[in-house]
Amino acid sequence: MLATLSRETAAYGVRLTPRQTRQFETYLSLLADWSQRVNLVGNADAEVVQRRHFLESIALGAALREREILRPDTDLLDVGAGAGFPGAVLKIVWPGIRLTLLEATAKKTAFLSALVESLELDETAVLTGRAETLAHTPGLRGRFDLVVARAVAPLAVLLELTLPFARVGGRVVTPKGSRAAEEIAAAGHALAVLGGKVFTVPLPVPGPPQTLVAVMKERETPSEYPRRPGLPAKSPL
Ligand code: SAH
């Protein structure tokens with residue numbers, strides 16, 4: 001069932017243990033089951049999930065691991081985790097991570113909670129709510145070593161939703177396709193206001209080229225950010 005995944009993780013220097021293989025199998029079947037009721041991924045076909053979601057998340061993790069941006073005990077937040085990409089996949093492959101999955105849609109966090117229980121993921125929290133609100137919560141604001149977000153918003157918007165959660169010296173990382181340079185150029189003001197410095201990391205994936213946009217948090221984000229729910233997307237910095 002997992003032929004594609006087992007074969008192709010090697011390209012990223014990842015060899016799945018029997019436990020990890022079982023966890024990915026369970027992940028696939030839970031996704032297929034829940035997808036009949038909840039819209040979790042565009043296409044829950046096993047082959048598509050393995051390539052587009054599992055492998056791309058592993059590629060992202062491997063690129064960050066190689067640069068020590070992801071460490072064995074990183075305190076990691078995934079904003080807009082959806083069905084768990086990339087956060088839950090990173091936790092399976094690098095189990096020492098302390099993981100928080102944040103997602104606005106309750107139906108999706110119900111799935112994430114079921115997933116965390118079925119896969120017996122330790123040190124994993126699932127939070128239902130909007131980033132705009134939760135980023136003002138003590139215990140979450142300014143806490144994380146690494147904040148990841150995939151396919152959530154254009155960079156300028158995404159930074160307002162994610163950078164407040166990072167600690168000073170921590171990073172926000174998001175994969176972007178062909179529009180990476182354009183989005184970076186458009187995010188100049190957001191970076192200046194929110195206190196981040198941008199750099200890019202190559203992301204070797206099959207298919208259309210992708211880049212990891214990484215932002216180092218250089219100073220505290222002013223307390224008025226993020227603005228109220230909806231405003232970051234409606235009126236980007
Ligand atoms: N990261 C996943 C899901 C991408 S879809 C993946 O790559 O497959 C984007 C997800 O972000 C949706 O599930 C949506 O509910 C969530 N989202 C969008 N804006 C959000 C916000 N402001 N706060 C929390 N979650 C948000």
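This is a predicted model: local features need pLDDT of at least 70, side-chain atom pairs count only at pLDDT 80 or more; totals for chains, interfaces and linings use all residues.

Student: OK. What does F54 touch, leaving out residues up to four places away in sequence?

Tutor: L5, F24, Y27, L28, V49, F85 and V89.

Student: Which residues touch the most other members of the largest nonpolar core?

Tutor: F24, Y27, L31, F54 and F111. That core has 53 residues.

Student: And which elements give two or more residues to this core?

Tutor: The helices are α2 (18-34), α3, α4 (87-93) and α5 (106-118). The strands are β2 (98-103), β4 (144-148), β6 (196-203) and β7 (210-217).

Student: Where does the largest share come from?

Tutor: From α3, with 9 residues.

Student: What about a second core?

Tutor: There is a separate one of 31 residues. Among them are L77, L140, V213 and Y225.

Student: Switching to voids. How many cavities of 30 Å³ or more turn up in the whole structure?

Tutor: The search finds 1. The volume of the largest cavity is about 30 Å³.

Student: What lines the largest cavity?

Tutor: E56, S57, L60, P86, R150, P175, L203 and Q210.

Student: How does that lining divide into nonpolar, polar and charged?

Tutor: 4 nonpolar, 2 polar and 2 charged.

Student: Which helix gives the most to the lining?

Tutor: Helix α3, residues 46-66, with 3 residues.

Conventions: Residues are numbered from 1 along each chain as its sequence is written. Side-chain values use heavy atoms; hydrogens and water are left out. On a 1 Å grid over the protein atoms alone, a cavity is a set of points where a 1.4 Å probe fits but cannot get out, and a pocket is an open set with protein on both sides within 12 Å along at least five of seven lines; lining residues have an atom within 4 Å of a point. Grid points are joined across faces, edges and corners, and a volume is the space filled by probe spheres set on the points. Helices (H or I, at least four residues) and strands (E, at least two) are DSSP runs, numbered from the N terminus. Ala, Val, Leu, Ile, Met, Phe, Trp, Tyr, Cys and Pro count as nonpolar, Asp, Glu, Lys and Arg as charged, and the others, Gly among them, as polar. A nonpolar core is a set of buried Ala, Val, Leu, Ile, Met, Phe, Trp, Tyr and Cys residues joined through side-chain atoms within 4.5 Å. Buried means under 20% relative accessible area, exposed over 50%, partly exposed in between (1.4 Å probe, protein chains only). Contact means heavy atoms within 4.5 Å.
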